Amino acid sequence: MRVVKESNSSTDLDELVSSTDMGGRKPEGLQLKILLSVAFIWACFQLWIASPFPYLIDTDLLRWNSNQARSIHLMFAVFLVFLSFPFSSRSSMTKIPVIDWFIAVVASLCASYYLIEYQSIATRVGAPILQDVIVACIGIPLLFEAARRSLGITLPLIAIVFLLYNFFGNYMPEMIAHKGFNLYEVVNHQWITTEGVFGIALGVSTDFVFLFVLFGALLDKAGAGNYFIQLAFSCLGHFRGIQRKPL
């Protein structure tokens with residue numbers, strides 16, 4: 001029976017988990033306080049919209065519908081991504097450069113555009129104006145960059161291929177070809193309606209995924225994560241894996 005050594009302590013397990021992380025910044029001082037404050041406000045917002053309290057107050061100031069909540073959710077997400085993840089492995093891991101602060105603010109403003117212009121957009125669905133196109137042309141590339149920083153290059157590349165398919169579908173093989181769409185049509189679908197960026201995936205993240213992640217993070221900080229790992233070691237740590245011979 002193999003004894004679980006002390007190397008499986010909480011510190012070693014934390015190092016094991018962090019070694020598989022994508023690699024985020026570790027800022028200090030005021031920058032760290034700003035990140036923690038924004039993250040705390042984001043968590044409070046998510047708990048607020050998930051609670052029944054918005055429906056108990058007689059004001060629209062702190063009450064948002066599902067589409068507006070998605071915009072706020074994305075605003076917090078892209079802001080924290082650009083501040084938490086460096087541009088490359090050669091970038092500073094302890095200090096956030098000014099350019100990342102600027103990009104984070106611009107990206108969050110683009111994400112909040114759906115919230116700010118909600119009433120106006122609702123009256124012109126299907127007919128985007130130049131302002132919509134400008135915001136989308138800035139917001140979508142920044143969204144790709146945020147995904148690259150936090151998740152790697154694979155997912156943004158796949159998204160770019162399908163985005164280009166919107167424009168050049170008329171050049172595709174007949175089986176997958178379409179008439180092709182112009183810039184205004186793509187912007188209307190991807191950024192103005194709830195069928196693109198602000199679609200079902202973002203809605204699920206806003207309504208459910210964030211709360212599960214938050215609950216899991218709280219459990220981990222409370223020591224539950226280490227408890228479950230130690231429980232697995234104590235139950236199955238004495239078994240040896242079986243190497244099957246190829247057929």
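Predicted model: local features only at pLDDT ≥ 70, side-chain atom pairs only at ≥ 80, totals over all residues.
Which side chains does a polar contact of 2.8 Å join? The side chains are those of E145 and R148. A polar contact here is a pair of N or O atoms within 3.5 Å; within protein, one must be able to donate a hydrogen and the other to accept it, and residues adjacent in sequence count only if both atoms are side-chain atoms.

Residues are numbered from 1 along each chain as its sequence is written, and side-chain values use heavy atoms, with hydrogens and water left out. The predictor's confidence in each residue is its pLDDT, on a scale from 0 to 100. The chain averages a pLDDT of 85. At least 70 is reached by 88% of the residues. Residues 1-8 stay under 50. For that stretch the model has twelve contacts beyond four places in sequence. Contact means heavy atoms within 4.5 Å.

The chain has ten helices and zero strands. Take the contacts between residues at least 6 apart in sequence: 72% of them join residues at least 24 apart. Of the 247 residues, 33% count as buried. Buried means under 20% relative accessible area, exposed over 50%, and partly exposed in between (1.4 Å probe, protein chains only). The accessible surface of the chain comes to about 16,500 Å². Carbon and sulfur atoms hold 69% of that surface. These areas come from the Shrake-Rupley method with a 1.4 Å probe; for residues, only the protein chains shown count as cover.

Now back to E145. Its place is in helix α6 (residues 130-151). E145 counts as buried because its relative accessible area is 18%. Beyond residues up to four places away in sequence, E145 touches F82 and F87.

Side chains of opposite charge can pair when their charged atoms come close. A salt bridge is a side-chain nitrogen of Lys or Arg within 4 Å of a carboxyl oxygen of Asp or Glu. The structure holds six of these salt bridges. One of them joins E145 to R148, with the closest N and O atoms 2.8 Å apart. E145 and R148 are three residues apart in helix α6, so about one helical turn separates them. R148 is partly exposed, with a relative accessible area of 24%.

E145 forms a salt bridge with R149 as well, and here the closest N and O atoms are 2.8 Å apart. E145 and R149 are four residues apart in helix α6, so about one helical turn lies between them. Both E145 and R149 are buried.

Another salt bridge links K179 and E185, with the closest N and O atoms 3.8 Å apart. K179 counts as exposed because its relative accessibility is 60%. E185 is partly exposed at 33%. Salt bridges that share partners join R25, D100, E145, R148 and R149 into one network.

Where is Q68? Q68 is in helix α3 (residues 66-84). Its relative accessibility is 14%, so Q68 counts as buried. Neighbours within four places aside, Q68 is in contact with R63, L115 and Y118.

G24 is in the loop between α1 (10-19) and α2 (29-50). G24 is buried because its relative accessible area is 15%. In sequence, G24 and M93 are 69 residues apart. In space, C-alpha to C-alpha, G24 and M93 are 7.3 Å apart. Leaving aside neighbours within four places in sequence, G24 is in contact with S84, F85 and M93.

Finally, the surface. I153, L157, I160, L164, F168, Y171, M172, M175 and I176 form a nonpolar patch there. Together they have about 930 Å² of accessible area. Patches are made of residues with over 30% relative accessible area and no salt bridge: like charges are joined within 9 Å, nonpolar side chains (Val, Leu, Ile, Met, Phe, Trp, Tyr) within 5 Å. I160 is partly exposed, with a relative accessible area of 31%.

Definitions and conventions. Helix = DSSP H or I, 4+ residues; strand = E, 2+ residues; numbered from the N terminus.
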